[in-house]
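Here are my comments on the model you sent.

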Amino acid sequence: MSASDNAFQELARIFSTRNNRIFEIEILPPALGPLLQDECSVGITKKYLVQSFVTARRIFFARSSSKFECGAPRAPKESEHESVPHGSSHAILEDLLVSTEIILLFDCEHLTACNWRRGRLDTLKRHHDVSSDDPSPLIQALETELTLMTTYLCSPLHRHTKSPTLWQHRLWVLSRLLEARGAGARRPSFVSPSETNQHQESKVDLLKSELAIVFRAGELHPRNYYAFNYIRQVFGVLSNTTKGHSALAESILDSVLSWCLAHPSDISGWMFMLYLLEAVPKADLQPNAVQKVVRYALDVGWEGESLWTFVDLSVKSLSLEETVINTLQRVPGIAYTAIVSVPDESTKNTALPVQSWKSWLTMARQYWDGYSQVG
């Protein structure tokens with residue numbers, strides 16, 4: 001067995017025994033490799049991963065051929081029955097599954113492997129539509145795919161946490177899972193208020209679990225706009241009514257604000273926070289949230305552009321100028337202004353006064369200067 005085949009077999013064994021667990025995979029330095037596993041923690045050297053990928057790619061393109069279309073075995077012709085051993089189709093399917101998992105671990109933008117996995121799930125869905133008495137195989141396959149995506153998106157890998165292909169695939173899988181669960185549940189013609197509340201709570205729980213994955217990906221790869229765009233899309237899928245839209249936004253508002261304050265330089269998080277504030281109908285929640293942000297910046301002396309851009313956009317979209325100015329003017333005897341002259345770098349002259357995030361930062365600096373004078 002070649003070194004490439006041996007690397008493939010070792011990594012394939014780990015993936016095939018995953019059993020819906022979420023792994024944390026990282027690239028090891030050569031001195032610690034080539035492959036280590038401790039429960040759900042997996043480390044592999046780049047060289048060993050490349051060797052495994054070479055064999056996985058060869059197996060994938062060799063076996064995803066005539067007898068397999070979109071991940072499901074075609075019905076063999078009469079002349080083929082004698083030449084196809086019993087159980088060989090299942091073995092080929094398992095080889096293709098693990099090969100695509102290894103391919104995506106090496107190259108998260110490998111569209112052919114990703115589309116093959118999507119085609120296999122589509123085939124399972126078509127079979128479920130024909131015989132919908134037992135949706136559990138389809139639901140189990142979709143849940144397994146979600147945990148695989150979580151493994152990729154929440155592992156300290158170089159590109160996976162910000163992969164548009166993986167985030168879009170996860171959204172596709174989650175949408176199919178929601179459809180399968182909805183189709184598998186027999187809903188009565190009359191739904192009681194308690195059942196409606198339980199349904200809303202399940203949406204909130206799902207949104208919070210997806211948000212935790214986005215937070216983890218955002219910590220691994222700062223300014224992860226693909227991750228926060230994904231949670232926006234999930235939010236849109238789950239909030240199919242105006243009432244549900246506002247309730248979902250309110251349910252995660254505090255956790256998103258806490259994450260943003262813990263990562264004040266992450267503009268992607270702040271833009272999602274603004275998105276939630278625009279969806280919240282309660283008048284007191286919007287000014288209270290923005291006021292907390294301004295007070296945090298004043299207390300820690302934060303001058304970063306991302307936070308103050310959020311403040312500026314909140315003022316413009318939510319009409320909170322008075323709230324922000326009142327929060328900034330807390331030192332007796334100090335006068336403030338939200339108008340600042342921004343220099344023109346090309347001419348080295350002072351441009352006309354403008355209203356921007358720099359205006360609010362200027363007011364904050366006046367606030368700090370005022371406190372130093374009072375002290």
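1. A term first: two strands are taken as paired if DSSP finds at least two bridges between them. By that rule S1 and S3 are paired, because 5 bridges join them. The two strands run parallel. Keep in mind throughout that this is a predicted model.

2. Overall content. The protein chain has 14 helices and 7 strands. It counts 375 residues, of which 44% are buried. Among contacts with a separation of 6 or more, 67% are between residues 24 or more positions apart.

3. Two bridge pairs can be checked by eye.

4. The S2-S3 pairing. Strand S2 covers residues 35-38 and strand S3 covers residues 41-45. These two run antiparallel and are joined by 4 bridges. Opposite Leu 36 is Gly 43 in S3, while Asp 38 faces Ser 41 in S3.

5. The turn. S2 and S3 make a hairpin, with 2 residues between the strands. One point to look at is Glu 39 in this turn, which has a positive phi of about 55°.

6. The sheet as a whole. Which order do the strands take? The order is S1-S3-S2, in an open sheet of 3 strands with mixed pairing. S1 (24-28) and S2 are the edge strands; each has a single partner strand, so one side of each is left without a neighbour in the sheet. On average, neighbouring strands here are turned by 15° against each other, direction ignored. In general terms, strands of a sheet pair through backbone hydrogen bonds, either parallel or antiparallel.

7. Burial of S3. Of the 5 residues of S3, 4 are buried, so the strand is largely enclosed by the rest of the structure. Helix H2 (residues 46-63) lies across S1, S2 and S3. The helix runs at about 85° to S3.

8. H1 against H2. The axes of helix H1 (residues 3-16) and H2 come within 7 Å and cross at roughly 90°. H1 is therefore roughly perpendicular to H2. On the H1 side the contact includes Ala 3, Phe 8 and Leu 11; on the H2 side, residues including Tyr 48, Val 54 and Ile 59 take part. By type, the residues of this contact divide into 9 nonpolar, 5 polar and 3 charged.

9. Helix H3, Leu 96. Leu 96 lies in helix H3 (residues 88-106). Its relative accessibility is 0%, so Leu 96 counts as buried. The C-alpha atoms of Leu 96 and Ala 56 are 8.4 Å apart, although the two are 40 residues apart in sequence. Ala 56 is one of the H2 residues that meet H1.

10. Helix H3, Val 98. Val 98 is also in H3. Is this residue buried or exposed? Val 98 is buried, as its relative accessible area of 8% is under the 20% cut-off. Leaving aside neighbours within four places in sequence, Val 98 is in contact with Phe 8, Ala 12 and Phe 15. Leu 11 is 87 residues away along the chain, and its C-alpha is separated from that of Val 98 by 8.9 Å.

11. The nonpolar core. The largest nonpolar core has 104 residues. Which members touch the most others? They are Met 273 and Trp 308. Beyond its neighbours within four places in sequence, Trp 308 is in contact with Ala 297, Trp 302, Glu 303, Leu 328, Trp 357, Trp 360, Leu 361 and Ala 364.

12. Helix H12, Val 315. Val 315 is found in helix H12 (residues 305-318). At 9% relative accessibility, this residue counts as buried. Leaving aside neighbours within four places in sequence, Val 315 is in contact with Leu 320, Glu 321, Val 324 and Trp 360. Trp 360 is among the contacts of Trp 308 too. Val 290 is 25 residues from Val 315 in sequence, with 8.8 Å between their C-alpha atoms.

Methods
Residues numbered from 1 in each chain as written. Predicted model: local features only at pLDDT ≥ 70, side-chain atom pairs only at ≥ 80, totals over all residues. Heavy atoms only, no water. Core = buried A, V, L, I, M, F, W, Y, C linked by side-chain atoms within 4.5 Å. Buried < 20%, exposed > 50% of the residue type's maximum accessible area, 1.4 Å probe, protein only. Contact = heavy atoms within 4.5 Å. Axes fitted to C-alpha atoms, helices over the stretch in contact; angles between N-to-C directions. Parallel < 35°, antiparallel > 145°, perpendicular 65-115°, else oblique. Nonpolar A, V, L, I, M, F, W, Y, C, P; charged D, E, K, R; others polar.
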